[in-house]
Each structure stands twice: as structure tokens, then as C-alpha cells.
Amino acid sequence: MELDFPTIELVEGKARLMVPEGVGRIEPSKLPAFYNPASKISRDFAVLTTAAYFDSSGRTFAEPLAGLGARAVRLMLEASRFSEGFASDINERSARLIELNARLNGLEGSLRGYHMDGNLLLVKLAAEGARVHYVDLDPSGSPARFLENSIRAVRSEGLIGVSATDLAALTGASQRTARWRYSLNLSRTVFGKEVAMRALAAICAVTAGRLSRSAVPVLSVVKAHFVRVFARIERGKLRAFEAVSALGYLRYCDSCLSVEVIGDLQGLGGRCPSCGSDVRALGPLWLGPLKDDSLVNKALSSELAEDPGFGEAVRVLKRVREELPDVPYSYPVSELARRARCSPPSVTWLIEQLRSLGFRASRVHYDGSAVKTDAPASEVIGLLRA
Ligand SMILES: C[S@@+](CC[C@H](N)C(=O)[O-])C[C@H]1O[C@@H](n2cnc3c(N)ncnc32)[C@H](O)[C@@H]1O
Ligand SMILES: [Zn+2]
């Protein structure tokens, strides 16, 4: 197979990969075929999560935006669950590399590469009755254009893994984009990364609901430049209704950090009950758990997790495991300390103090200096003052 650009071979996980020369030096999107070494951890999560989610082999997956096939090859080689994979990319050079990389790893016949629009691949799989057990949707930017077809292409009780890199919109930093792209009311908070996970989980739930399916998160992470939600897909109107009932709003006061969880639109807006300032409503956001504890435990106790190559992903998952599941926000200790007019204490100290007062408290995986707690912000700030 002819390539009209120079390549080098490198190793990621168990995969040998032919990648364009210039990887690491040149921006991934400027290469003849997309490959981002910094996204290795995203691929690690995909391997760990699918290995833990599916309990037997013979499974199938699709990756509609596959780049040069790094993720698809690794899923085939490392998750020990997949017997067949469908990987497409709109860029012809990427599509050629998918095929070459499949062959380089002995996957000809089981990993099929397509030079095709991702939506077309997904629709074909669904229309031809070849729905897969797992769809990995990994765009540059927003997954919105591909999400509905991804859910269509997944079997009931299957899994989707969805990334987004438009963090400005999903964290609430870019309110306008959140509004026009996702119909979400977001704004800046001190827990923007938590908002990003819950916004993406909400988008998955709403999109699935439209197709009479439910999408319930089993793992959600924010790392480096991306947010990623893995969600279980099930069919049925009742399931869809149950899932979207985990959507709701937060009322957030930037002045004193007070946050209230509000199930529906009633009681939105107005004044902060704690300090009287104007509050802002955020949502709809996924307010249910962002993870399935048994899946996370399974991933962490798997053989894969002992492989040093997964070290960073495993460290993140351990943090994820500790997080309070039912507190949909967090506080950076520096912001609490600023309002208490003291120097920031260590997170460990603060968590111990909160627990000794009878509150629940944990760290968060996306910010080493933030805390999740069911104590009201005023209580935490009071504690710091004292
Ligand atoms: C972030 S990269 C994928 C990286 C890959 N998933 C990995 O883990 O290495 C996004 C890819 O989507 C491809 N792409 C963009 N629009 C597409 C479309 N409509 N259909 C198929 N591929 C598309 C781009 O060419 C690019 O290779
Ligand atoms: Zn307030």
C-alpha cells in the first residue's frame, strides 16, 4: 500500500504503530494523519474500562473517528474482549494507516479500516443490523454531531465512550457556546471540570432519551485536554425516563461559593439563601453518580492495572473511586481560604477536619487542591477562619 508521506514506527501499550514523521513536534491536526501521544491516557481508559465492563470475549466495537487506528488496535490487542472492530476516518491517509497498522499487529480480518465519514459508518452498522457492543467516539472538539448515531449503533446493554475537547463550552467558561451547541445554561464556577463531566453525561442522557434509550455513566474523567464519559446504553422508554430524571440544576453563588442542588426548574434564579447575592442557575446537568463503583473496582483489580504502562490511568481511577458520588461540585481550597482570609491548608487536613465534624469529604481526581464535601461552603469557610 502506497503512502505519500514519511512514517516512523513507535510503540504504545501493546501496539506497534506506523505514524507520520513529526509526531511530538508537529501539532497532531497538522500531521498527514492524526495521532496525539498526549491522548495515550484516554486510550488507556478505553482499554481498562471495556475490559472491566464486558465479562467475556467475542465483543465488537466501532470507532468512527479513528485517526490512524491507535485506539482501535489497542482495544483489539489489550482489552481481551473484542473479536471484531470497525474503524473509520474521513482522512484518506489516516484510513490507509488504519489498515497498515491493523496488518502490522496481525489484525487483518478482525480490525476493518474504512475511509468513510464516521456518521455513515455508524448508520450503516445500525441499518444493517450489525450493532456493536461498544462505540468509542473521540473527536477533536465536540462529539455532538456523532453522538446520536453512536447511540444508534450500540446494542442494548452496550457501552459508549465519549470524549470532548471543547472544554471552554463544557466547563461553562464559554456560556454562549454551551447555549447554542448544547442548549445548556452554564457559567464559570470554581468546579468547572466537574461541570464538564456532568454536562457531557447530561448530553448523553438527553441524546439517548430521544432514541428511547438510557445512557447512564459508569465512569467519567477529566484529564489534560479532554473530558470523557463512559455510559451504559439500554433500550426502553421507562429506562430513558429514569435516566433523564437524574438531570437537574445547580444554583451557584460565586460570591460565597454556596451551591444548592435543584431537581427541576422550580425555584431557579433569585438570591443566594446564604449571603443574599444574585445566584446563577446551571444545567441541566447530570446529578446522579458519575461512576459505577463495581466497574471501577473491577478495573483497578484487573491484571491490566498492574501493568506500569497504565500507571497514570490507575492513579486517576483510584482518586475517582474515592470521590463522593452524590456531591455534584467541589471547592478549590485556595478559593475557600481566600474567602476565609487565611492561607490555604492542605487538602488532607481539611478533609480530616470536615470528617471530624461529621461531614463527608473527599478529594477529586481532576484537581489535587480541591475538596468535595456535603458541608455548606459557609461552614467550611467558618472552619478555616476558626
Ligand atoms: C481526535 S482524532 C481521533 C484520534 C483517535 N481516536 C485516537 O485515539 O488516536 C479525530 C479524527 O476524526 C477525523 N474526522 C473528522 N471528521 C470526521 C468525519 N466526519 N468522519 C470520520 N472521521 C472524521 C479526523 O480526521 C481525525 O483523525
Ligand atoms: Zn452567596
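In which loop is the place of serine 212? In this predicted model, serine 212 sits in the loop between helix 8 (192-210) and strand 8, and its phi is near 55 degrees, a positive value in a residue other than glycine.

**Zinc site**
- The zinc ion (ligand 2) is coordinated at 2.2 to 2.5 Å by the SG atoms of Cys253, Cys256, Cys272 and Cys275, and these donors follow the spacing C-x2-C-x15-C-x2-C along the chain.
- Cysteine 253 lies in the loop between strand 10 (247-252) and strand 11 (259-262), and cysteine 272 in the loop between strand 11 and strand 12 (280-286), so the pair ties together parts that are 19 residues apart in sequence.
- The arrangement is tetrahedral because the four donor atoms subtend angles of 106 to 114 degrees around the zinc ion (ligand 2).
- Cysteine 253 counts as buried at 1% relative accessibility, and cysteine 272 is buried with a relative accessible area of 4%.

**Helix 11**
- Helix 11 (residues 311-322) has 12 residues and reaches 17 Å from its first C-alpha to its last, close to the 16 Å expected at 1.5 Å a residue.
- Its buried residues are Gly311, Ala313, Val314, Val316, Leu317 and Val320, and they pack against helix 1 (40-53), strand 8 (213-223) and helix 10 (293-300).

**Backbone geometry**
- Glycine 283 and proline 284 are joined by a cis peptide bond with omega about -5 degrees, and proline 284 is found in strand 12.
- Serine 80, in the loop between helix 2 (70-78) and strand 4 (82-89), has a positive phi near 55 degrees and counts as partly exposed at 49% relative accessibility.
- Serine 212 is partly exposed, with a relative accessible area of 31%.

Terms used. Residues are numbered from 1 along each chain as its sequence is written. Chains are lettered from A and ligands numbered from 1 in the order in which they are written. This is a predicted model: local features need pLDDT of at least 70, side-chain atom pairs count only at pLDDT 80 or more; totals for chains, interfaces and linings use all residues. Side-chain values use heavy atoms; hydrogens and water are left out. Donors are N, O and S atoms within 2.8 Å of the metal (3.2 Å for Na, K and Ca); water is not among the atoms, so sites may look incomplete. Four donors count as tetrahedral if all angles lie between 85 and 135 degrees; four count as square planar and six as octahedral if opposite donors are over 155 degrees apart and all others between 65 and 115; anything else is irregular. Helices (H or I, at least four residues) and strands (E, at least two) are DSSP runs, numbered from the N terminus. Buried means under 20% relative accessible area, exposed over 50%, partly exposed in between (1.4 Å probe, protein chains only). The expected span of a helix is 1.5 Å times one less than its number of residues. Contact means heavy atoms within 4.5 Å.
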